[in-house]
Amino acid sequence: MDGEQGRGQAAPRAAAGGPVTAAARGGGPWGSALSVNEFTAIREVGFEPVGQVFGAAVYYLATVTGVSCPGTTAAGYQLPGAGPWAAPGAAEAPGSGLVSGFPGAAAGLARRLHEGRRTAIERMASECADLGGHGIVGAVLRVDEIPATSFTAAAIKFTVAGTAVRADGCPPLARPFASDLSGPDFAKLVTAGWMPAGIALGISVAGLHDELATASSGPWGTGNAEVPGYTGLITRVRQDARDRLEESVRDLGADGVVVSAMTLRVRSDPCHAHAAATDHFAEAVTTGSAVARFADRTSTTPPPSLAVLHLDHT
């Protein structure tokens, strides 16, 4: 239940810019999306749930769909060993941040996809801070398309939900951590001397305009043969997404990332600049929990062995 805190805990502080809910101030039962195994696992490492948290953001598809020709030819996506990777003009645009190194419509699409996810995550983290939580466990991020109706335009919906948790005796954090790790995985991470720092995102979108070099490689051209331009497009966008993920990890101040999902989607759209032509867009998204070490467990004394007790009375 949103806005409620755990039993027997002091009233949480409000996060900067966000008031503590009335239920959190007055105490009461907490809610969670944890299973019994997850609940017991986080309790074993000193954490307890304080409430369910949620974040959402909705964008009209008209603001995230590429509306111009990507302007990139197959020569810009050369395979490894065939020449330099960078497409003409592919240097990162000023202010594009952790989104995409590709210019034009592809960069605009990647920015919106990143912005929607990040906004939802930040709103979820704000709810966690309002509850006095130190972080979020088991966050589930979803992206859904809302079809257009006779009254509304098509839209894309970003949602994320998880369980806010708190450690006994610890002061509030300036920024609660977020993690898509399950309860048992979170407990294993803490036991090993690591903590989640946040959800890291690596998103890249690249476009390729059909030209003679690609169209002639189809069934009417060389038959069953590789299309180097398309292969290069997919390979390059995957690599760029990994590079953006590493930047996201550094931005969170973490040491590494535990990847939870990698998706690749390719679609074709009619070219808006050239009649009867086609543009191809590849979208790569990598997400995971950025982690940071807080203790060195390499020299930890192993637990004592199980004692053997005699059952007889002699």
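## Pockets and a surface patch in a predicted model

Helix H3, strand S4 (177-178), strand S5 (194-209) and helix H6 each contribute at least two residues to the lining of the second largest pocket. The structure is a predicted model. H3 provides the largest share of this lining, namely five residues. The volume of the second largest pocket is about 280 Å³. Sixteen residues line the second largest pocket, and those closest to its centre are Arg118, Ile121, Glu122, Arg175 and Leu252.

The largest pocket holds about 420 Å³ of space. Its lining draws at least two residues from each of helix H3 (105-130), strand S2 (135-146), strand S3 (155-167), strand S6 (256-270) and strand S7 (278-293). Strand S2 gives the most to the lining of the largest pocket, with seven residues. The 22 lining residues include Arg117, Leu141, Val143, Thr263 and Val285, which lie nearest the centre of the largest pocket.

Ile234, Leu264 and Val266 make a nonpolar surface patch of about 210 Å². Ile234 is located in helix H6, which spans residues 228-251. Ile234 counts as partly exposed because its relative accessibility is 30%, a value between the limits of 20% for buried and 50% for exposed residues.

Terms used:
Residues are numbered from 1 along each chain as its sequence is written. This is a predicted model: local features need pLDDT of at least 70, side-chain atom pairs count only at pLDDT 80 or more; totals for chains, interfaces and linings use all residues. Side-chain values use heavy atoms; hydrogens and water are left out. Patches are made of residues with over 30% relative accessible area and no salt bridge: like charges are joined within 9 Å, nonpolar side chains (Val, Leu, Ile, Met, Phe, Trp, Tyr) within 5 Å. Accessible areas come from the Shrake-Rupley method with a 1.4 Å probe; for residues, only the protein chains shown count as cover. A salt bridge is a side-chain nitrogen of Lys or Arg within 4 Å of a carboxyl oxygen of Asp or Glu. Helices (H or I, at least four residues) and strands (E, at least two) are DSSP runs, numbered from the N terminus. Buried means under 20% relative accessible area, exposed over 50%, partly exposed in between (1.4 Å probe, protein chains only). On a 1 Å grid over the protein atoms alone, a cavity is a set of points where a 1.4 Å probe fits but cannot get out, and a pocket is an open set with protein on both sides within 12 Å along at least five of seven lines; lining residues have an atom within 4 Å of a point. Grid points are joined across faces, edges and corners, and a volume is the space filled by probe spheres set on the points.
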